[in-house]
Each structure stands twice: as structure tokens, then as C-alpha cells.
Amino acid sequence: MKQFHLLLLIFTSNFFGQNLHHQMLSSQGTTSRTSNGIVVRQTIGQQSAIGNYSDSNLIAGQGFQQSDKMKIVIPPVISVTTTTYPNPFIDSVNFQFSSPIAGPIKISLFDVTGKLVYYKVKVSIDNILKIDNLSFAQGEYFVKLTAKNYSYSTNLLKSK
């Protein structure tokens, strides 16, 4: 009889585990109490909207709720086609943009180990950004260009 109870306990645990496995737990949230004692919980990561509740003194809605940090408007990244030439390069490389890039552009150049080997902030002239005097060892490099509402990255090959 002990074996039957143990077996029943194991099956019960497994079913409960499966049920819990399919539940989505909240990933972030806050809890606060109003002046009249009502507890308010806000979370991000609820599985779905469940419904609304209302009575004469209270209206509550359940579902996805955003924190104040999530309400910040992030400007969209503009779509700009960037042409890199020459590649492979010898000691200078050009980036030509299909649309003007407003403001300064940050240029970061990394070697294959991820070490930053070049950093400069420049402005494009006539939709072209030129980097000169790149006297690095021959090999592969990774370049990242960033500006307000613009981001671009590519691999570059340095030749002799």
C-alpha cells in the first residue's frame, strides 16, 4: 500500500509540475496600496488580457500594463542605404549614404578580437563619410557607424 501512495504522490506532483510549466510568471512589476487600503499590482509579462471588473466604487482592468519607463517614445531609426568602398581598402575607406545623416557620426573600428582600434566623430560631406590614414595591419575589421536615428555596421578587409 505504501508503494501505491508513493506512486500516487509522484503522479500528482508531475501533473502539478506540468500545470505550473504552462503558466507564465510576471517578469517585472510593482505593488502599492491606495489611501483607502486597496492593493494595486502592476506587472509586465502577463500571459493575456483576462477581463475587467467594476462596481460602484472601483473599475479594474487586467492585462498587459506598461511601467512609466516603457512609455518613453523612442524615435524611429531612419532607413538609409550605406555603400562602403573600397573594400578591401588600403589606407582609407568611404561610406556613401542614400540620404543625409544629420549631425555627427561616431565611427568605431574593431579588430577580429573585438579590440577598439579606431574611434572618431565626424560629419559627412555631400552624403559621404571618408576615413583616412588607417595604417593598420592587414586583416579583417569590423566598423560601426552611429548617429541620431542611424546605425550601420559591416566587415572591412585591410590589404597592403
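Visitor: Which strand does Y119 lie in?
Guide: This is a predicted model, where local features need pLDDT of at least 70, side-chain atom pairs count only at pLDDT 80 or more, and totals for chains, interfaces and linings use all residues. Residues are numbered from 1 along each chain as its sequence is written, and side-chain values use heavy atoms, leaving out hydrogens and water. Strands here are DSSP runs of E, at least two residues, numbered from the N terminus. Y119 sits in strand β8.

Visitor: Is Y119 buried or exposed, or something in between?
Guide: Buried means under 20% relative accessible area and exposed over 50%, with partly exposed in between (1.4 Å probe, protein chains only). Y119 has a relative accessible area of 45%, so the label is partly exposed.

Visitor: What is the order of the four strands in the open sheet?
Guide: Two strands pair if DSSP finds at least two bridges between them. The pairing in this sheet is antiparallel, and the order is β8-β7-β10-β11.

Visitor: Which strands stand at the edges?
Guide: Each edge strand has a single partner, so one side of it is left without a neighbour in the sheet. Those strands are β8 (116-122) and β11 (150-158).

Visitor: Which residue of the β10 and β11 hairpin takes a positive phi?
Guide: Nine bridges join β10 (residues 139-147) to β11, and T146 stands opposite S151. The hairpin has two residues between the strands, and the one with a positive phi near 65 degrees is N149.
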